[in-house]
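Trainee: I would like to learn how to read a structure. Can you take me through one, feature by feature?

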Amino acid sequence: MELNCPSCAHLNRGFVEVCEHCGGEIGVFWEIESAALEHLLQARHAFAQGDAASAMGHSLRSWEMKHTARSAAIAALAAVMLGDLETAHLWLEQFDRVGDQSSDTQPMPFGPVTEQGTEQG
Ligand SMILES: [Zn+2]
């Protein structure tokens, strides 16, 4: 796991109590990071079990702790399973927003979105 220091933005690789660059205490952020990841894993597990409500709950918890493309993606998929397309659409927007900013290069669950009638040129 990697963590950007909230003070100096240095990328710390692996668990460290203090930032390797500025010495700021980042242990608590690691705890949040791992809790967010834990909820993400539980969301994926619930999703695989077909438990959309639980998948949604865990992905929301994960999202509250850390805004990641993956938590937004699972929330969107869970919303689709729950038949709530409006909510799914909102999560897809969050997915796009976070995905653009994130250095997270995990494989995306969706292909690129192409919209009809918006071609440039
Ligand atoms: Zn730092």
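Mentor: The crossing of α1 and α3 is left-handed. Their axes lie 10 Å apart, at an angle of about 25 degrees. Note that this model is predicted.

Trainee: How are α1 and α3 oriented to each other, roughly parallel or roughly antiparallel?

Mentor: Look at the angle between the N-to-C directions. Under 35 degrees counts as roughly parallel. α1 and α3 pack at about 25 degrees, so they are roughly parallel to each other.

Trainee: Which residues make the contact of α1 with α3?

Mentor: From α1 come Leu40, Ala43, Arg44 and Phe47. From α3 come Arg70, Ser71, Ile74, Leu77 and Ala78. By type, six are nonpolar, one is polar and two are charged.

Trainee: Let me step back. How many helices and strands are there in the protein?

Mentor: Four helices and two strands. To read the order, start at the N terminus: the elements run β-β-α-α-α-α. Helix α1 covers residues 27–48, and α2 covers residues 52–65. Helix α3 spans residues 69–81.

Trainee: Now the next pair. At what angle do α1 and α2 pack?

Mentor: At about 160 degrees, with their axes 8 Å apart. Over 145 degrees counts as roughly antiparallel. α1 and α2 are therefore roughly antiparallel to each other. Their crossing is left-handed.

Trainee: Which residues of α1 and α2 meet?

Mentor: α1 brings Ile32, Ala35, Ala36, His39, Leu40, Gln42, Ala43, Ala46 and Phe47. α2 answers with Ser54, Ala55, His58, Ser59, Arg61, Ser62 and Met65. In this contact, nine residues are nonpolar, six are polar and one is charged.

Trainee: That leaves α2 with α3. How close do their axes come, and at what angle do they cross?

Mentor: The axes come within 8 Å and cross at roughly 155 degrees. That makes α2 roughly antiparallel to α3. The crossing of α2 and α3 is left-handed.

Trainee: Which residues of α2 meet α3?

Mentor: Ala52, Ala55, Met56, Ser59, Leu60, Ser62 and Trp63. Their partners in α3 include Ala72, Ala75 and Met81. The residues of this contact divide into 11 nonpolar, three polar and no charged.

Trainee: Which residues does Ala72 contact, leaving aside its neighbours within four places in sequence?

Mentor: Trp63, Trp91, Gln94, Phe95 and Val98. Ala72 and Leu40 are 32 residues apart along the chain, yet their C-alpha atoms are separated by 9.9 Å.

Trainee: Is Ala36 buried or exposed?

Mentor: Ala36 has 20 C-beta neighbours inside 10 Å, so it counts as buried. Ala36 lies in helix α1. Beyond residues up to four places away in sequence, it touches Ser62, Met65 and Lys66.

Trainee: How do I read a nonpolar core? Which residues touch the most other members in the largest one?

Mentor: Look for buried nonpolar residues that are joined through contacts. The largest core here has 18 residues. Ala72, Ala73, Ile74, Ala75, Ala76 and Ala78 touch the most other members. α1, α2, α3 and α4 each supply at least two residues. The largest share, nine residues, comes from α3.

Trainee: Where is Ala9 found?

Mentor: In the loop between β1 and β2. With 10 C-beta neighbours inside 10 Å, Ala9 counts as exposed. Check its backbone too: Ala9 has a positive phi of about 70 degrees although it is not a glycine.

Trainee: And the whole protein? What percentage of its residues are buried?

Mentor: Buried residues make up 23% of the 121 residues.

Technical notes. Residues numbered from 1 in each chain as written. Predicted model: local features only at pLDDT ≥ 70, side-chain atom pairs only at ≥ 80, totals over all residues. Contact = placed C-beta atoms within 7 Å. Axes fitted to C-alpha atoms, helices over the stretch in contact; angles between N-to-C directions. Parallel < 35°, antiparallel > 145°, perpendicular 65-115°, else oblique. Left-handed = near helix turned anticlockwise from the far one by under 90°. Nonpolar A, V, L, I, M, F, W, Y, C, P; charged D, E, K, R; others polar. Core = buried A, V, L, I, M, F, W, Y, C linked by C-beta atoms within 7 Å. Buried ≥ 20, exposed ≤ 12 C-beta atoms within 10 Å, placed from the backbone.
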